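Biologist: I am new to this structure. Please take a close look at one part of it, then lead me on from there to the rest.

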Amino acid sequence: MAATEETKVWPQQDILQPVPSELWPDSDNPDLLEINLGPNHPSTHGVLRVVTTLDGEVVVGVKCEVGYVHTGIEKNIEQKTYWKAIPYVPRMDYLSFFSGETAFCMATEKALELEVPRRAEWLRVIFQELARIHSHLVFLGTGSVDLGGIALLFYCFRARDEVLDLFEMACGARMHPRYCQVGGVAEDLPKGFDRRCREMITFMRDQIEQYYELIGANPIWLARTKGVGVLSPDFAIRMGMTGPNLRASGVPYDLRSANGGYGGYRDLDFQPIVEQGGDVHARFRIRIEEMRQSLDLIEKALDGLPEGPVMTDDRKIALPPRHELHTSMESLIHHFKLVTEGFEVPAGEVYAPIESARGEFGFHLISDGSARPWRVRLHGPAFVLLQSFAKLCEGVYLADLIAILASIDPVLGDVDR
Amino acid sequence: MLDSVKGFSTTFRHLFHKPVTQQYPEYKRPVYPRFRGRHQLHRHDNGLEKCVGCSLCAAACPSDCIRVVPAENTPDNRVSAGERHARIYEINMARCIFCGYCELACPFDAITLGNDFELSEISREALVYTKGMLLEKPALRTPSQAIDPYDVPAQDEEHVLGMYDIVTATNPEGAES
Ligand code: SF4
Ligand code: SF4
């Protein structure tokens with residue numbers, strides 16, 4: 001759906017007031033109790049410290065402290081050539097790792113105005129969707145543990161292993177694959193991938209049915225999740241939320257289809273999934289539905305995978321083919337130059353967003369014409385999601401706070417980076 | 001009421017499924033041929049080292065964990081096939097992120113990433129692997145899946161000559177064991 005239609009459905013507020021990302025108790029009642037949830041609380045999905053003020057069991061104040069896993073990745077990337085920066089990027093959002101790589105490579109390609117072979121774009125679609133499934137499975141497993149259901153964790157992590165196996169088979173590593181490269185992907189798929197991937201799809205479809213059976217109509221689950229932490233579409237848009245959390249509030253905005261999509265999604269017929277309600281339940285449901293949609297997309301991409309090279313033939317960017325190193329002096333010199341100095345990117349500024357498992361994940365690159373980025377800035381979805389957390393928790397019970405935090409699915413590696 | 005019974009029936013059904021647990025230290029799941037694990041330095045068939053100390057792997061390493069100090073080959077101390085050899089070759093495994101850029105960078109196929117992933121030690125010093133350690137075959141080998149279905153690219157020759165068509169050489173011992 002085009003972006004213009006959305007603005008019609010959800011009109012902008014006339015005057016936008018800043019929404020505070022913290023919630024302060026508005027009385028100085030001496031009975032208020034201040035407790036720290038985290039940084040090492042299992043339900044914080046990482047190292048997030050939530051300073052909570054309680055009135056009895058009702059939350060009246062919330063303050064998030066972030067920065068515990070700040071590793072300076074943006075700054076690190078600025079010290080590296082573009083090629084060497086690629087393995088760093090998936091370590092930010094470590095659950096949908098492939099999206100990070102793709103976003104960085106796409107930003108660089110945009111700055112270079114480089115064409116990517118079609119097969120490579122489709123392969124990126126397959127792996128982005130696999131990473132999305134991986135991320136949603138971890139979300140579902142850990143999220144259900146927060147709500148007291150441990151069985152789902154085991155089922156989800158079992159299915160997650162199947163997905164990681166596919167990454168290991170094609171990319172060489174189970175997580176952080178550095179498979180995406182500027183100008184294409186690192187290697188072609190191995191022969192057995194197609195069969196294994198289809199087996200995984202069949203297996204996952206069966207699993208998803210089971211997830212629905214476990215939580216879909218379970219009255220205990222519904223009582224814990226229905227109507228809790230309701231996020232209105234207007235508020236979600238005002239907070240700049242993207243991804244499944246926004247779509248769970250009924251806004252059909254997905255970068256894979258908005259403005260014509262990007263990469264391989266341009267060729268795939270794709271409709272964003274929307275849930276109504278905007279509560280914890282809708283946010284769980286939409287992720288299960290998205291996994292199903294991802295499976296369909298992977299199947300479509302496998303069926304229609306175009307033939308052709310997986311790497312651009314621009315020798316200024318891509319390393320020369322391996323076999324030429326032993327025969328051609330020119331290739332060898334090229335190889336040395338690319339590895340030691342890297343390729344130069346024309347001066348300028350680009351922003352390339354993609355839809356990761358939690359929303360808009362975009363790199364803002366500023367190049368000064370050298371082989372290293374002058375400034376790299378990541379627009380991470382999780383940081384934005386966390387901003388609305390305090391507002392959502394106003395006046396809920398403490399147990400619901402945990403459920404809300406689980407349902408907005410922040411990854412602290414992405415928040416702090 | 002009926003719905004919670006349905007939920008429990010899913011859990012109950014799983015009681016009768018075959019367990020998927022692998023008895024890990026006793027049973028080692030074969031890794032796929034493209035897996036990137038512990039590094040290994042290679043020798044030519046005549047015993048000379050393939051590494052010529054060009055430091056390209058060190059230049060490619062994103063986490064700067066390779067240290068190469070080259071030295072000249074002399075007629076009575078001939079270590080490698082080229083003019084020079086690596087007098088010191090160290091990889092700090094505590095820093096390595098197993099990205100595999102070193103094997104992509106090496107123009108002489110001297111270093112590859114193998115199958116082993118069980119690298120824990122009790123001190124940091126023990127994680128700095130020296131040249132001697134890297135030239136040895138690791139004692140405990142993790143098996144690998146067969147190369148043919150899991151490493152040969154899905155397309156014909158003409159398409160696959162991309163920049164990284166190295167992998168079949170990556171685990172030369174791949175299919176063994
Ligand atoms: S695998 Fe990567 S991090 Fe490790 S030594 Fe090689 S280049 Fe460095
Ligand atoms: S391993 Fe390869 S790249 Fe590294 S110093 Fe030796 S020959 Fe050069």
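Modeller: Start with two terms. Helices (H or I, at least four residues) and strands (E, at least two) are DSSP runs, numbered from the N terminus. Two strands pair if DSSP finds at least two bridges between them.

This is a predicted model, in which local features need pLDDT of at least 70, side-chain atom pairs count only at pLDDT 80 or more, and totals for chains, interfaces and linings use all residues. Residues are numbered from 1 along each chain as its sequence is written, while chains are lettered from A and ligands numbered from 1 in the order in which they are written.

The part I pick is a hairpin in chain A. Strands E2(A) and E3(A) form it, with 2 residues between them. Gly56(A) belongs to this hairpin and takes a positive phi near 70 degrees. E2(A) joins E3(A), residues 58–65, through 7 bridges, and the two run antiparallel. Val51(A) faces Lys63(A) of E3(A) across the pairing. E2(A) also has a link to E1(A). There, 5 bridges join E1(A), residues 33–37, to E2(A), residues 49–55, again antiparallel. Leu33(A) is opposite Leu54(A) of E2(A).

Strands of a sheet pair through backbone hydrogen bonds, either parallel or antiparallel.

Now move along chain A to another set of strands. E6, E7 and E8 of chain A stand in that order in an open sheet of 3 strands, paired antiparallel. At its edges are E6(A), 348–356, and E8(A), 373–379, each pairing on one side only. On average, neighbouring strands here are turned by 15 degrees against each other, direction ignored. The pairing of E6(A) with E7(A), residues 359–367, is antiparallel and has 9 bridges. In it, Gly348(A) faces Ser367(A) of E7(A).

H4(A), residues 97–112, lies across E6 and E7 of chain A and runs at about 150 degrees to E6(A). Such angles run from 0 to 180 degrees between N-to-C directions of axes, which are lines fitted to C-alpha atoms, for helices over the stretch in contact.

Next comes H5(A). Its 29 residues should span 42 Å at 1.5 Å a residue, and its end C-alpha atoms are 42 Å apart, so the two agree. The expected span is 1.5 Å times one less than the number of residues. Of those 29 residues, 26 are buried, so H5(A) is largely enclosed by the rest of the structure. Buried means 20 or more other C-beta atoms within 10 Å of a residue's own; exposed means 12 or fewer, partly exposed lies in between, and C-beta atoms are placed from the backbone. After H5(A) comes Gly148(A), with a positive phi near 95 degrees.

Arg132(A) sits in H5(A), which covers residues 118–146. Arg132(A) counts as buried because 27 other C-beta atoms lie within 10 Å. Setting aside residues up to four places away in sequence, Arg132(A) touches Ser96(A), Glu290(A), Ser294(A) and Ala357(A). Contact here means C-beta atoms, placed from the backbone, within 7 Å. Arg132(A) and Ser356(A) are 224 residues apart in sequence, yet 7.0 Å apart in space, C-alpha to C-alpha.

Turn to chain B. It has 6 helices and 5 strands. Along the sequence they follow the pattern α-β-α-β-β-α-β-β-α-α-α. Of its 177 residues, 33% are buried. Among chain B contacts between residues at least 6 apart in sequence, 74% join residues at least 24 apart.

Chain B holds an open sheet of 3 strands as well, in the order E2-E3-E5, with antiparallel pairing. E2(B), 66–72, and E5(B), 128–129, stand at the edges with a single partner strand each, so one side of each lacks a neighbour in the sheet. E2(B) pairs with E3(B), residues 84–92, in the antiparallel sense over 7 bridges. Glu72(B) is opposite Arg84(B) of E3(B).

Last, the ligands. Ligand 1 is surrounded by 14 residues, with Cys61(B), Cys96(B), Cys99(B), Tyr101(B) and Cys102(B) the closest. Ligand 2 is surrounded by 14 residues, and there the closest are Cys51(B), Cys54(B), Leu56(B), Cys57(B) and Cys106(B). A residue is near a molecule if its C-beta atom, placed from the backbone, lies within 6 Å of it.

Note on methods. Two residues are in contact if their C-beta atoms, placed from the backbone, lie within 7 Å.
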